[in-house]
Amino acid sequence: MEKMKAGIIGCGNISAIYLENFKDNPLIEVVAVADLIRERAQERADEFNIANVYNVDELLQDNEIELVLNLTVPGSHAMTDLAVLEAGKHVYAEKPLAISLEDGRKVIELAEEKGLYVGSAPDTFLGSGIQTARKAIEEGLIGKPIAATSFFMGGGPEAWHPNPEFFYVAGGGPMFDMGPYYLTALITLLGPIRRISSSAGVQITDRVIGSGPKEGTPIEVQTPTHLAGTIDFEEGAIATMITSFDIRGASDLPRIEIYGTEGTMSIPDPNFFNGEVKLRRFGQDTWETVTPAFESRQNERGIGVTEMVESIRAGREHKASGKLAYHVLEAMHAFQRSSLEGKHIQMESTYQAGAKNNTDENQSEAVQSH
């Protein structure tokens, strides 16, 4: 099968792992890179032997390119997606899909209008960790899922990140930064969300950049840094979720646990593709490790892009889709809205995963080869 020619817009830190994972990809060939800072794009091109270094307009005008990876900062995701779609190309973007729901809808609607595919990170849910848990739930190992807990607890990225300001403006904070990993995992395991209630606040207002050339510079916090809430799923399960940049003394709380009528399942960090799934059945005193459905490496970013290209070729719905990303985006907004408005927020969107998943016998060799 002929490889799909791809370009990358945005050559920051995250671009390196995508390019590394695409080096031997059987379905995708990255032929061009672009960045607002041309020198940064040139560095990536030299590092990974990419022929073309473009500005954004040049990349969009290259008719050879069918797919664009949008690895820009969150505030530019929707604008860049729309430009890519207007140029007649499929697009896969880093999370979140957009900052506003309105922009997210525009992206989905334009893609449908033009018959193009929109994909979005995270694709970690396609790895062995979440897919092993999904298979175990489908096989009834914990009975019917009835509840869950989900915790991302940290002190914020300013201690190590040289340019952390964007984490503390609209579209940042722990919910928009890490929430997509946790919410996507929960939706994969428990189905679509029906409603959300929450409290959100800024518990630590004084933030200072801790490394790099801006060390010592104060940060203005403009978005909630601690969000705690309850998620009601359409199929009946109720989850408790906390995301926080205000936990400076660390935490021993589990990343994700799923509670069923016949047992409990411990889910590995959804920011990674692998990790052990633990099971404790009703009446047992010890945990057992669930046999992995397949093997994954820790960081396989890009398998969602590969699966999307496969789906484009086959004319089917893909998994790390814009529709899933929009459902996650609406949920993240609902956490903030519920706190501001003092009420449950009913979800308007939904998402139904396809019957086929990465644990099927006919799982794509292309995805596995990543």
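Before anything else, a definition: two strands count as paired if DSSP finds at least two bridges between them, and strands (E, at least two residues) and helices (H or I, at least four) are DSSP runs numbered from the N terminus. What we have here is a predicted model, in which local features need pLDDT of at least 70 and side-chain atom pairs count only at pLDDT 80 or more, while totals for chains, interfaces and linings use all residues. Residues are numbered from 1 along each chain as its sequence is written, and side-chain values use heavy atoms, with hydrogens and water left out.

Let me start with the sheet. Six strands form an open sheet in the order β3-β2-β1-β4-β5-β6, with parallel pairing, and its edge strands, β3 (52-54) and β6 (118-120), each pair on one side only. Strand β2 (residues 28-34) runs parallel to β3 and is joined to it by three bridges; Ala32 has Asn52 in β3 as its bridge partner.

Now to the core, meaning buried Ala, Val, Leu, Ile, Met, Phe, Trp, Tyr and Cys residues joined through side-chain atoms within 4.5 Å, where buried is under 20% relative accessible area, with a 1.4 Å probe and protein chains only. The largest nonpolar core has 104 residues, and Leu186 and Ile231 are among those with the most contacts inside it. Which helix gives the most to this core? That is helix α7 (residues 173-190), with 11 residues. Taking contact as heavy atoms within 4.5 Å, and not counting residues up to four places away in sequence, Leu186 touches several residues, including Ile231, Phe233 and Ile258.

How values were computed. Buried < 20%, exposed > 50% of the residue type's maximum accessible area, 1.4 Å probe, protein only.
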